[in-house]
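Trainee: I am new to this structure and would be grateful for a close look at a single part of it. Might I ask for the charged side-chain pairs and their surroundings, in one connected account?

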Amino acid sequence: MSQHRYSIIGRVFFILFLSHLLSTHVLSQNTYLAEDRWVDSVYNSLSSEQRIAQLIFVRANYSGKPYISYIDTLITDYNIGGVVFFKGDPVSQVIQTNNWNSLSQTPLFVSIDAEWGLGMRLSNTVKYPLQMTLGAIADNNLIYEMGEQIGEQCNRMGIHINFAPVVDVNNNPGNPVIHSRSFGEDIFNVATKSYAYSKGMQDNGIIACAKHFPGHGDTDVDSHYDLPVIKHSRQRLDSLELMPFRVLSQLGIKSIMTAHMSVPAIDDAPNRPTSLSKKAINDLLIEDMNYEGL
C-alpha cells in the first residue's frame, strides 16, 4: 500500500476518532468548525509513521495478568492509536487508562468487547442478558434503554467504542461461537434490536460496532481457531446474512467489524478472510452498501 493511501486512511480514521472525543453532546456549527480545525492541526503535526500508528490498537491485558508493560513504549515511541481492554476490574482499568493517556501525544482510543455490558469483561459491573434472551423481548424500547445504560457506563470508564452489537443471524444451531450472542434467526428482529441497542449507546456518545460482517451465523467452525468457509451464493447472502448490516449501515452505525471467514461468493481467493479482502470491505461494504463509517 502506498504512503499516499496510508495518509488518506489514517486521516479519515483520525478525524472520526478525534471528532468523536469532542462531540458527545449537541454542538453548535461554530463548535464543529473549531473541532475540524483542532483535528487538522493535530493531524498535521504527526509524522507519517505516527499517522500509520494511529490506525493500530493493541491488546491491553490478558485475564488474571498485569497490564502489558511494553504498551508504555508503544505509546511514547510510536504514538499508537488505542488499546483494547479484556478481563479485569473497573478501578484498575480506569487507573491504567489515565496512566497511558498521560504518556500519549494524542488521546488514546479506548475500546472493549462488552456485548452484554461491562460485566462481560469487568468484575463488579452490570451484566445484562445475552442477545438471544433479548431477542424474545417484544418492547424494543427496553433494548434501547439497555444501550443507553451501557453507553453511560462506558463513558464513566473512559471507553469510546464498544464492540457490540452482534448482528449475525443465528441460522445454524451448531454454530460454536455465535448462537446465544445473536438476537435470533429472524432477520427483521435481528436488524431492529441491533439498531435499538446501537442507537442507545450512540445517543450517549459511545461508538457502536456491528459485527461480524458479512455474517458469522451459519458457520460450524470457531473463527478464533480456524477459518470458517461460507459456501452460500451471493443471492442467499444478500437476502439473509447481509440484510441486518445493510440496515444498520444506512441508519448510522458508526463502525462495523469484519469477520475472519472465507466467503467465495464475495472473494474467491483461496483462504482469504473477509477481514483482509478488498472485495469484501471496499467493493461490497463501502461501495456497494455505501457505508461511510469506521
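Mentor: Across the whole structure, a search finds 14 salt bridges, each being a side-chain nitrogen of Lys or Arg within 4 Å of a carboxyl oxygen of Asp or Glu. The model is predicted, so local features need pLDDT of at least 70 and side-chain atom pairs count only at pLDDT 80 or more, while totals for chains, interfaces and linings use all residues. Residues are numbered from 1 along each chain as its sequence is written, and side-chain values use heavy atoms, with hydrogens and water left out.

One of these salt bridges joins the side chains of Asp113 and Lys211, at 2.8 Å from N to O. Because Asp113 lies in the loop between E3 and helix H6 (131-134) and Lys211 in strand E5, the pair ties together parts 98 residues apart in sequence. Helices (H or I, at least four residues) and strands (E, at least two) are DSSP runs, numbered from the N terminus. Asp113 is buried, with a relative accessible area of 14%, and Lys211 is buried at 1%; buried means under 20% relative accessible area, exposed over 50%, and partly exposed in between (1.4 Å probe, protein chains only).

A further salt bridge, at 2.6 Å from N to O, links the side chains of Arg181 and Glu115. Here too distant parts of the chain are linked: Arg181 is in the loop between E4 and H8 and Glu115 in the loop between E3 and H6, 66 residues apart. Arg181 is buried at a relative accessible area of 13%, and Glu115 also counts as buried, at 2%.

Arg234 and Asp288 supply another salt bridge, with 3.3 Å from N to O. Arg234 belongs to helix H9 (residues 234-239) and Asp288 to helix H11 (residues 278-288), so this pair connects parts 54 residues apart in sequence. Arg234 is partly exposed, with a relative accessible area of 30%, and Asp288 is partly exposed at 37%. Salt bridges that share partners bring Asp113, Glu115, Arg121, Arg181 and Lys211 into one network.

The strands named above belong to an open sheet of six, in the order E1-E2-E3-E4-E5-E6, with parallel pairing; two strands pair if DSSP finds at least two bridges between them. Strand E3 (residues 109-112) pairs with strand E4 (residues 161-162) over two bridges, and Ile112 stands opposite Asn162 in E4. Asn162 has Ala208 as its bridge partner in E5. In E5, seven of its seven residues are buried.
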